[in-house]
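Subject: Handing over the two-chain model

Dear colleague,

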Amino acid sequence: MHTKTITQLSAALRSGEVSSVELTSLFLDRIKRHNPALNCFITVTEAEALKAAAAADRRLKAGDVAPLTGVPIAHKDIFCTQGVKTTCASKMLDNFIAPYESTCTAKFAEAGAVMLGKTNMDEFAMGSSNETSYYGAVKNPWDLARVPGGSSGGSVSAVAARLAPAATGTDTGGSIRQPAALCGLTGLKPTYGRVSRFGMIAFASSLDQAGPITYSAEDAALLMNVMAGFDEHDSTSVEREVPDYTAGLDNGIEGLRIGLPKEYFDEGLDDSVARVIDAAVKQYEALGAVVREISLPNTGLAVPTYYVVAPAECSSNLSRFDGVRFGYRCDDPQDLFDLYTRSRGEGFGAEVKRRIMIGAYVLSAGYYDAYYLQAQKIRRLISDDFRAAFESVDVIMGPTSPSTAFRLGEKSDDPVTMYLSDIYTIAVNMAGLPAASIPAGFVDGLPVGLQLIGNYFEESHLLNVAHKYQQATDWHLQMPKEF
Amino acid sequence: MEWEIVIGLEIHTQLATNSKIFSGASTAYGAAPNTQACAVDLGLPGVLPVLNREAVRMAAKFGLAVGARVSPRSVFARKNYFYPDLPKGYQISQFELPVVEGGQLEIQVEGEAARMIGITRAHLEEDAGKSLHEDFHGSTGVDLNRAGTPLLEIVSEPEMRSAKEAVAYMKKIHSLVQYLEICDGNMQEGSFRCDANVSIRPKGQEALGTRSELKNLNSFRFVERAINFEVERQIDVIEGGGEVVQETRLYDSDKDETRSMRSKEEAFDYRYFPDPDLLPLELDEAYIEAVRKTLPELPDEKKARFISELGLAEYEAGVLTASRELADYFEVAARVAGDDAKRTANWVMGDLLGALNKEGKEITESPVTAEMLGAMLQRINDNTISGKIAKQVFDCMWNGEGDADAVIEQKGLKQVTDSGAIEKIIDEIMANNPQQLEQYRAGKDKLFGFFVGQVMQATQGKANPAQVNALLKQKLA
């Protein structure tokens, strides 16, 4: 039962083949057994989960069901969950019980989904390997010596090891897609503004976007049906009709115009990963798609630009963690300055501090024009690249990550090398476009992700294109052996 | 050396919305600490601001009232600094692109010609909470009820040349925002606050001198005194061979002096940048026109009308339009009174304002309503009472003894206009005062007043004075 997709579990719950309490208990047991090795959960909400499952069973009996009613799910510990510890994987929030619920998790609860717990992540979502968590690194179920990717590392590790059938993640520069690729899962970052950010602890407000992490595109569509939509509490969420994301999954893709950006296949890309991507593209051609090379000339500027914009926003967003009203406070502060400096100095980890300092620097008087303003201009150029590309293609494809999962500790002393592992995903956030990563094969037993980038609000189309591939292949159904 | 004083004001008006600028929490004043601060106001992790449309409408209204440009596109920015009463570690304000740009206001100092003062900009922002340093035995309490209260910061050009002009400008803005119903103007509760930028330069010099920014000017009197003190201080510094340094100074009203708070070197780098949580504020032509239609008659327009249509003098019209409540009071009273605006003006400015001042009451707290005063004036117009008796009636109304008609009835103050009755009284008085009568008839004209007085006394002032005069003239001849 633990290997089934959400689509299958939903059917099993409705037919009475299994109850939500049984299903929830099954996953809670698996978490107990495997979490010590994987470290993918920060908090497991066993009692609340069983209560929610019992309520879901009543709903199922009464026939008051939505597709996710009774389905267990894990939430990244970046979403505020009322009455439940919400840490963002930081010492700063180790004692923080959220007094309110995020819109995203509230929607899942309303749909009857059962929260199993809160997943580990890079501290404040800053990282690409899940090694910056205050609660320790998360392991990749395909190879426990390797990273799961980040920042949604706990979510992907949990789903890949079948400790949860699906999870939420957030993606600021690749934090859903890159770990999904490294753990062999389907991950979707929706268009900026498609999913409410209310109650999602902000890293970089203009880039952050929540999305689903699942086995299949079909499952992702089911989660999107719950998550997507305008929220009056989020001014940047878009007031636009939400389609049924499952409706067009089976549409034919004959004649689909696929663009391969030549900049995504240059010397930075691992050869073996390139071969997997080539094979996936060939599969699409076999399904009737037409492939052509395109150019996104400003690709090389995406990473440096991102590391101006994202730290700038985070330096301001994280100012509220000051030891005054909630969160970590240093012992015995001598005065206000001491309270601030020690609470923040002791409460934040090294990577978070590095980004706050970069951000404060690029926003400071005399540097603002040269860095922040300049970065905003480049951001427009990056968006323009995509706009031009979508005039001649329907979907852009390429690798999600330049390599497969790297070893724990391999890049943790070298921030720049680490930052470059997001080279193919970051531009998408800069432009606010939707993009998915789907399993496309293996190199030496480690999963490789194919990235699909769509035009604004074309999540349905992306999921359709992904689904057709998954109908023709079974990479997305492969499982790590030990779990 | 003759010095020219240069003053610019930054006025913070608290907008009279029901809820905060970026959250649904109430803005009512005086609640128990931290009971009107929701998750957004507390700056909890994950919360987001949503702009209050009413605050935008009020800002646009102000812009239109001062002939400014209401920007089709303005941007909210974050002003970053750490302080315990600033929950997010930044204040959401407007920086490069404010909602209102350019405008002007005419001010007048008594005895001087009217002058136009430029308004540089007005921008929307959120207020911070309050740090409470007393009552906490060495610690500081923080009350976040005020955090997120909408403010419109109105920045003038450095165009005022005396403390008196600064006060006149501040009073004009104070009156205007109340006319527009966008601010309650309550200075005690901090709804209307002012900072002043003050510098001096040799008369005739173009370049501005180094300025200091004066904070904590929360009354008209303090503004005048703080500026005067600061100007003297700067003159002393320069004439003593020193240099004025750019700094922020706090006005201490107890000592009536300003003292340094922080210098330019200590000034914060606020690291302003556009707030990514809020979209740019876009206002189209149709919106701006719709707001324009809601503008009330403004003080200057009202004043002009009082002069041209009601025949008031410039001074009277100025006093009566100083606040919207007073102007409304006057207009209602004049309408009820009938035709005589001039008499109404005299009564409002004389007896009514006098009585209010004496008891320290606002016009809105007057025990004599505009309707009551108008009805009393009507009784003067229709000769039911004399102007002199009316003072007695007014006092009775002030003391809560009912409206004019009730007082007149109760106290029997109705004017005697029956000439037969008056003649009878005159006859009696003539009979009782033969000596005076003889002297009068012998040419001592001054005694006429004596007879008037006697008649009025005999009628307890109720006889119609004009009638008494006419009849006496006849009889005494």
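**What was found**

In chain B, 68% of the contacts between residues at least 6 apart in sequence join residues at least 24 apart, where two residues are in contact if their C-beta atoms, placed from the backbone, lie within 7 Å. Before going further, please keep in mind that this is a predicted model, in which local features need pLDDT of at least 70 and side-chain atom pairs count only at pLDDT 80 or more, whereas totals for chains, interfaces and linings use all residues. Residues are numbered from 1 along each chain as its sequence is written, and chains are lettered from A and ligands numbered from 1 in the order in which they are written.

To stay with chain B for a moment, it has 16 helices and 16 strands; helices (H or I, at least four residues) and strands (E, at least two) are DSSP runs, numbered from the N terminus. A compact globule of 477 residues would have a radius of gyration near 23 Å, but the value for chain B is 30 Å; this radius is taken over C-alpha atoms, and the globule rule is 2.2 Å times the number of residues to the power 0.38. The C-alpha atoms of chain B fill a box of roughly 95 × 55 × 55 Å along the principal axes. Chain B is divided into domain 1 (3–290), domain 2 (301–411) and domain 3 (419–476), with bounds that come from an automatic or database domain assignment, and the C-alpha centres of domain 1 and domain 3 of chain B lie 67 Å apart. Of the 477 residues of chain B, 41% count as buried, a residue being buried if 20 or more other C-beta atoms lie within 10 Å of its own, exposed if 12 or fewer, and partly exposed in between, with C-beta atoms placed from the backbone.

Turning to chain A, the secondary structure comes to 15 helices and eleven strands, and buried residues make up 61% of the 483 residues. A compact globule with 483 residues would have a radius of gyration near 23 Å, and the 21 Å of chain A agrees with this. Chain A is divided into domain 1 (6–256 + 393–477) and domain 2 (303–375), and the C-alpha centres of these two domains of chain A lie 27 Å apart. Their contact takes 28 residues from domain 1 of chain A and 21 residues from domain 2 of chain A.

How do the two chains meet? In the model, 33 residues of chain A are in contact with 24 residues of chain B. On the side of chain A that touches chain B, helix H9 (299–317), helix H10 (336–347) and helix H11 (350–363) of chain A each supply at least two residues, and the largest share, three residues, comes from H9(A).

Finally, one residue deserves a look on your screen: A:Asp208, which is found in the loop between strand E5 (186–189) and strand E6 (209–214) of chain A. A:Asp208 counts as buried because 27 other C-beta atoms lie within 10 Å. Not counting residues up to four places away in sequence, A:Asp208 touches A:Thr170, A:Thr172, A:Arg197, A:Met200, A:Ala202 and A:Phe203.

With best wishes
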